[in-house]
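User: Could you walk me through the pockets and the charged pairs in this one? I'd like the cut-offs spelled out as we go.

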Amino acid sequence: FGALAEELHEGDAFSFDAPLLQLAHELASHGWNRVFLLFSKLGYEWGVVPFDIALVLVLAAMRKVREGLFAGIALGGSALLNLGAKQFFARERPSLWESIAPESTYSFPSGHAMGSMTLAAVLVLLAWQTRWGWWVALPALAFALLVGLSRVYLGVHYPSDILAGWAAAIAWAVLAYLLVFPHGQRPWKQATG
């Protein structure tokens, strides 16, 4: 994230952004439109946001205080960090073509990419030391990947916005995990003396 942010702050263009956006646009079809519009919606208002809230509430109802605290800090903090970063960098969205799902807010880092990857990281970190680790990790990471790809396909984010969102999400989720589970503590275990 730091490397991408520094390049953007210095006004340098990312050489891979425009070619990848053009490639995504060349792949456009009615079928892909439907798929990527769905993943874009699931990456925020139809999926990630309600799932984030439900996850924290379920963990609270189960009286899993540390797990719920971790999820709340990671997910809520990620959203706040994203809003702050967008205002700080104030990067305009791509305008190579008219998107079928236009956006009006700033572009860097991608909120969809950051939110979906934060959720994936939280789920992976909570499940990793259990028998469900890989069963959670593979679909969660695939979902975050598809949400990120959807934003490039729709032409509302540069690929560098997506990479920055993913990097910031992983860093923030790991930091939250280490703060809530210090000294080798793990989720689902009782804290010892």
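This is a predicted model: local features need pLDDT of at least 70, side-chain atom pairs count only at pLDDT 80 or more; totals for chains, interfaces and linings use all residues.

User: ok, how much space lies in the largest pocket?

Analyst: About 610 Å³. A pocket here is an open set of points on a 1 Å grid over the protein atoms alone, where a 1.4 Å probe fits and protein lies on both sides within 12 Å along at least five of seven lines; a set from which the probe cannot get out is a cavity instead. Grid points are joined across faces, edges and corners, and the volume is the space filled by probe spheres set on the points.

User: And which residues lie nearest its centre?

Analyst: Y44, N82, K86, G111 and H112 lie nearest the centre of the largest pocket, out of 30 lining residues, where lining means having an atom within 4 Å of a point. The elements that contribute two or more residues to that lining are α3 (30–42), α4 (48–61), α5 (65–89) and α6 (111–127), and α5 gives the most, with eight residues. Helices are DSSP runs (H or I, at least four residues), as strands are (E, at least two), numbered from the N terminus.

User: How does that lining divide by residue class?

Analyst: The lining of the largest pocket has eleven nonpolar, twelve polar and seven charged residues. Nonpolar covers Ala, Val, Leu, Ile, Met, Phe, Trp, Tyr, Cys and Pro, charged covers Asp, Glu, Lys and Arg, and the others, Gly among them, count as polar.

User: What about the second largest pocket, what's in there?

Analyst: The second largest pocket holds about 310 Å³ of space. It is lined by 16 residues, and L20, A24, L149, V152 and Y153 are the closest to its centre. Two or more lining residues come from each of α2 (17–26), α3, α7 (133–153) and α8 (159–180), with α7 giving the most, at five residues. By class, that lining has 15 nonpolar residues, one polar and no charged ones.

User: Switching to charges: how many salt bridges are there?

Analyst: A search of the whole structure finds four salt bridges, each being a side-chain nitrogen of Lys or Arg within 4 Å of a carboxyl oxygen of Asp or Glu. One of them joins D17 and R91, whose closest N and O atoms are 3.1 Å apart. D17 sits in helix α2 and R91 in the loop between α5 and α6, so this pair ties together parts that are 74 residues apart in sequence.

User: What else does R91 meet?

Analyst: R91 also forms a salt bridge with D161, at 2.6 Å from N to O. That pair links the loop between α5 and α6 to helix α8, where D161 lies, 70 residues apart. Salt bridges that share partners therefore join D17, R91 and D161 into one network.

User: Are those buried or exposed?

Analyst: D17 and R91 are both buried, and D161 is buried too, at 0% relative accessible area; R91 has 12%. Buried means under 20%, exposed over 50% and partly exposed in between, with a 1.4 Å probe and protein chains only.

User: Which residue does E103 pair with?

Analyst: E103 forms a salt bridge with R151, with the closest N and O atoms 2.9 Å apart. E103 is partly exposed at 36% relative accessibility, whereas R151 is buried at 1%.

User: And E67, what's the nearest opposite charge?

Analyst: E67, in helix α5, is buried yet has no salt bridge, and the nearest side chain of opposite charge, K64, is 5.4 Å away. Lys and Arg count as positive here and Asp and Glu as negative, while His and the chain ends are not counted. A polar atom of the E67 side chain does lie 2.4 Å from the backbone nitrogen of W188.

User: Last one: how far apart are S150 and F36?

Analyst: Their C-alpha atoms are separated by 4.7 Å, although S150 and F36 are 114 residues apart along the chain. S150 lies in helix α7 and is buried, at 0% relative accessibility.

Conventions: Residues are numbered from 1 along each chain as its sequence is written. Side-chain values use heavy atoms; hydrogens and water are left out. A polar contact is a pair of N or O atoms within 3.5 Å; within protein, one must be able to donate a hydrogen and the other to accept it, and residues adjacent in sequence count only if both atoms are side-chain atoms.
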